[in-house]
Amino acid sequence: MLQAGEWAYSETLKEHFMNPKNILQGENTDDFDGVGMEGNLQCGDQMMVVIKVDKEKDTITDCQWKTYGCASAIASTSVLSEMVKGRTLDDAFHISPKEVALELGGLPDHKIHCSVLGDKALRAAINNYYTRNGQEEKVKQEQARVICQCMNITDHDIEDAVLEGARTYFELQERTKCGTVCGQCKDETEVLLEKFKHIHFGA
Amino acid sequence: MADMKVYFDHNATTPLHPEVKKEMIAAMEMFGNPSSMHAYGREARANVEDARRKVADFIGAQENEIIFVGSGSEANNTVLSLFVCSSSQCIPGYRRSTIITTKIEHPCVLETSECLAHQGARVKYLNVDRYGKIDLDQLAGMLGDDVGLVSVMMANNEIGTLQDIEAITKMVHACGAFMHTDAVQAVGKVPVDVRKLGVDFLTISAHKIYGPKGIGALFVKHGTPYCPLIRGGHQERGRRAGTENTLGILGMGTAVEMRRIEMPEEEERLLFLKQHLKKGIEESIDDISVNGHPTDGLASTLNVSFTGVEGEAILLYLDLEGIAVSTGSACASGSLDPSHVLLATGVDAELAHGSIRFSMGRETSMQEVDYLLNVLPPIIKRIRNMSTAYIKGGLHAASR
């Protein structure tokens, strides 16, 4: 009755959900060099990511996590924690939710917002490492600005979508899902859409 | 990997009763239009009317008070829509435009109410207490000569809480309004007698009681104002256009008949299983809370919140073990909000996200409950082990 093909998620996601990698055991985070926490329990998802860093090479040697979240949140953070090992802090900082979703073999549309907390918490952990090690100058604020809070869509995502062919608000929504929940960001999104169309295509 | 396939989601839908299946298969060749005068039509007509008699008998109604419809949702839409129709031909002289309902209704009532509000109706929503019971004093305060309809569900689909429809109806009638109850989760699980309840409208669905999907019934008390939602045919005495779903109606008739036979002995057995399940969960898992009324609820329904655990994760881990349940978590619904029912009972949003509904049925066995009790605690432990809600200094720590 419950065949693998009928599972709403990809096989990779299912595997990471069934056997999540790198879960932080216990509560002690003292052994880690950076700790990041995002989200909250009232909204139904919260994420903590902790990292160990090779201080010579500035690379991540270990990444563990804990979450209060659904299958997508569990699987996407499991994948992310594998992806970042061995990467430089700078490289890891720029992993996008898109890359994580790709690695997972895709996510159902309504699950994308569940998966974005992992990389947010990772960036918080990296910034936390910089702060602890007297490298405040390296702390990067989120360079992209979140426009759609519900789906966590940034101005960068909107720019990418325009570059990939979105020309109308509807097409933008098709690609990014921005404004598909509460819709409050519509005006701001439309201004950005016109701006990026003008910058890139002189439209 | 799953040893057993166990279905704990009977409030969502039920499997066909073997008798229903048998009758429906036997009737597969029956294709006549009940409106036709020839032998084919007469055969179909006889089956439709036989089913109508069974449904009417089951709830203490007369046959001409039963309208077959496509679903419980259609029945509810039909009733609510009656009260904003401005045509004097529909409800002569009826001009009471306030509708009262509750915050824990099924979305087909809540969303229709919202839509009616845009069309000029005034809609008021009754609060419920922590067990899901409506506040009769609040109802008394809302009732007035502007109120046309009060719609209160008899048994809640998520937490199983039963309302005192008889008492509510008396209050509603005293102010001259009409009373509707969505009894989709009640009929076939607890005794329902429309005369005793006194209601003007009552909604039934077949697939919640081992009948087929796509068929329901609306009871409309004789003499009550009515106008059809679906027009353009004389079927159902002009009250619901569209050629009758003959197979569905036949299946519903048999389903109701089987309920009449099986229901009386079932409640005690289900109540025992529910107590066993509840006790088993309480004894094996810390930090849980049971939602719904402790005594005045469906014997089949147990709704539990697990602190620090997101419901969709529980649902899917149970699914991998062959166990089907449902959750009030936002993640499973596709929206960002958790169960409106649990929030209305004052349950904290976090606990609503972590809620699981176990709903049992006629085939649920002690062995199945024990299997669930065997599988569930390690799953909760496993998810809690990876949960931020249990970290010292985490956002949740302050409240624990």
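**A buried threonine, the chain contact and model confidence**

B:Thr78 is buried, because 24 other C-beta atoms lie within 10 Å (buried is 20 or more other C-beta atoms within 10 Å of the residue's own, exposed 12 or fewer, partly exposed in between, with C-beta atoms placed from the backbone). This is a predicted model, in which local features need pLDDT of at least 70 and side-chain atom pairs count only at pLDDT 80 or more, while totals for chains, interfaces and linings use all residues. Residues are numbered from 1 along each chain as its sequence is written, and chains are lettered from A and ligands numbered from 1 in the order in which they are written.

B:Thr78 sits in helix α3 (residues 72-82) of chain B; helices are DSSP runs of H or I with at least four residues, strands are runs of E with at least two, and both are numbered from the N terminus. Leaving aside residues up to four places away in sequence, B:Thr78 touches B:Val69, B:Leu218 and B:Leu229, where contact means C-beta atoms, placed from the backbone, within 7 Å.

Turning to the two chains, 26 residues of chain B are in contact with 26 residues of chain A. On the chain B side, α10 (311-320), α11 (330-333) and α13 (349-353) each supply at least two residues, and the largest share, 5 residues, comes from α10(B).

Chain A averages a pLDDT of 85, with 91% of the residues scoring at least 70; pLDDT is the predictor's confidence in each residue, from 0 to 100. Within chain A, confidence is lowest in helix α5 (residues 112-115), at a mean of 70, and highest in strand β3 (residues 59-68), at 95.
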